[in-house]
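Visitor: I would like to know what stands behind the labels in this entry. Please set each value against its cut-off.

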Amino acid sequence: GDGADRKPDYAPQSGVGKWQPAPPHKLPFATVIWADVKPWVLRSGSEVQAPGPLALDSAQYAREIDEVRRLGARYSKERSADQTAAAVFSLIKPGTLWASAARAAADAKGTSVIENARTFALMNVAAADATITGWAIKRQYPLWRPIAAIRQSVKDADPSWESLLNTPPHPDYVSGHCINSGAQAQ
């Protein structure tokens with residue numbers, strides 16, 4: 001009865017700055033269903049408020065998109081080997097990373113099976129609620145991905161720009177990895 005089995009009903013908005021399915025696969029925002037799933041601890045996915053993404057016409061947004069344009073391009077000549085490795089590392093799901101960290105901490109502390117079960121349960125409840133909250137924020141602020149911003153920019157558009165990694169099929173704001181990792185780390 002938590003709503004995870006419902007069929008998502010989401011139609012992308014049109015216009016500058018609005019999320020649309022991204023190339024090359026142009027997959028729909030199928031995981032939007034998480035925005036409506038009943039959380040474990042929070043009252044709803046919209047309980048946590050986000051300040052919203054940077055304004056598209058702000059200097060900071062322009063700097064960040066330019067950085068993605070330069071360093072995130074498939075064949076960037078500016079990106080270091082370490083930056084490429086960090087990008088590939090970001091493909092690892094937060095749950096995998098934090099489960100490994102929790103296992104290592106448990107081994108180092110010599111905690112009991114019961115203590116470990118409690119830690120993993122709390123960590124996964126936090127991750128589930130963070131995912132629900134993050135996807136509610138993504139639905140509230142359906143910000144286009146950098147590939148769309150770069151290809152459709154009002155200034156310096158590059159319609160053939162390609163990113164190093166395939167673009168995930170969900171809005172850019174808020175970072176799912178950050179919100180999920182933050183919850184699990186806590």
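Guide: Start with K26, which is found in the segment before helix 1. The model is predicted: local features need pLDDT of at least 70, side-chain atom pairs count only at pLDDT 80 or more, and totals for chains, interfaces and linings use all residues. Residues are numbered from 1 along each chain as its sequence is written, and side-chain values use heavy atoms, with hydrogens and water left out.

Visitor: Why is K26 called exposed?

Guide: Exposed means over 50% relative accessible area, buried under 20%, and partly exposed in between (1.4 Å probe, protein chains only). K26 has a relative accessible area of 53%, so it is exposed.

Visitor: Where is D156, and how do you know whether it is buried or exposed?

Guide: D156 sits in the loop between helix 5 and helix 6. Its relative accessibility is 56%, so it counts as exposed.

Visitor: Which peptide bond at P24 is cis?

Guide: The bond from P23 to P24 is cis, with omega near 5°. P24 lies in the segment before helix 1 (59-71). Another cis bond joins Y173 and V174, with omega about 10°. V174 belongs to the loop between helix 5 and helix 6.

Visitor: What makes a run of residues a helix here?

Guide: Helices are DSSP runs of H or I with at least four residues; strands are runs of E with at least two; numbering starts from the N terminus. By that rule the protein has six helices and zero strands. Its pattern along the sequence is α-α-α-α-α-α.

Visitor: Which residues does N166 touch?

Guide: Contact means heavy atoms within 4.5 Å. Leaving out residues up to four places away in sequence, N166 touches P24, H25 and R74. N166 itself is in the loop between helix 5 (146-152) and helix 6 (176-185).

Visitor: Why is N166 called partly exposed?

Guide: The relative accessible area of N166 is 43%, so the residue falls in the middle class.

Visitor: How do you know how helix 4 runs against helix 6?

Guide: Axes are lines fitted to C-alpha atoms, for helices over the stretch in contact, and angles run from 0 to 180 degrees between N-to-C directions. Helix 4 (residues 113-140) and helix 6 pack at about 150°, with axes 8 Å apart. Helix 4 is therefore roughly antiparallel to helix 6. The classes are under 35 degrees for roughly parallel, over 145 for roughly antiparallel, 65 to 115 for roughly perpendicular, and oblique for the rest.

Visitor: Which residues form the contact of helix 4 with helix 6?

Guide: Helix 4 brings M123, A126, A127, A130, T131, T133, G134, W135, I137 and K138; helix 6 brings G176, I179, N180, A183 and Q184. They divide into eight nonpolar, six polar and one charged. Ala, Val, Leu, Ile, Met, Phe, Trp, Tyr, Cys and Pro count as nonpolar, Asp, Glu, Lys and Arg as charged, and the others, Gly among them, as polar.

Visitor: What makes the pair T131 and N180 a polar contact?

Guide: A polar contact is a pair of N or O atoms within 3.5 Å; within protein, one must be able to donate a hydrogen and the other to accept it, and residues adjacent in sequence count only if both atoms are side-chain atoms. The side chains of T131 and N180 meet at 2.6 Å. Beyond its neighbours within four places in sequence, T131 is in contact with W34 and N180.

Visitor: Why is T131 called buried?

Guide: T131 has a relative accessible area of 17%, so it is buried. Across the protein, buried residues make up 31% of the 186 residues.

Visitor: What angle do helix 3 and helix 6 make?

Guide: The axes of helix 3 (residues 94-109) and helix 6 come within 9 Å and cross at roughly 20°. The two helices are therefore roughly parallel. In this contact P94, G95 and W98 of helix 3 meet H177, N180, S181, Q184 and A185 of helix 6. These residues divide into three nonpolar, five polar and no charged.
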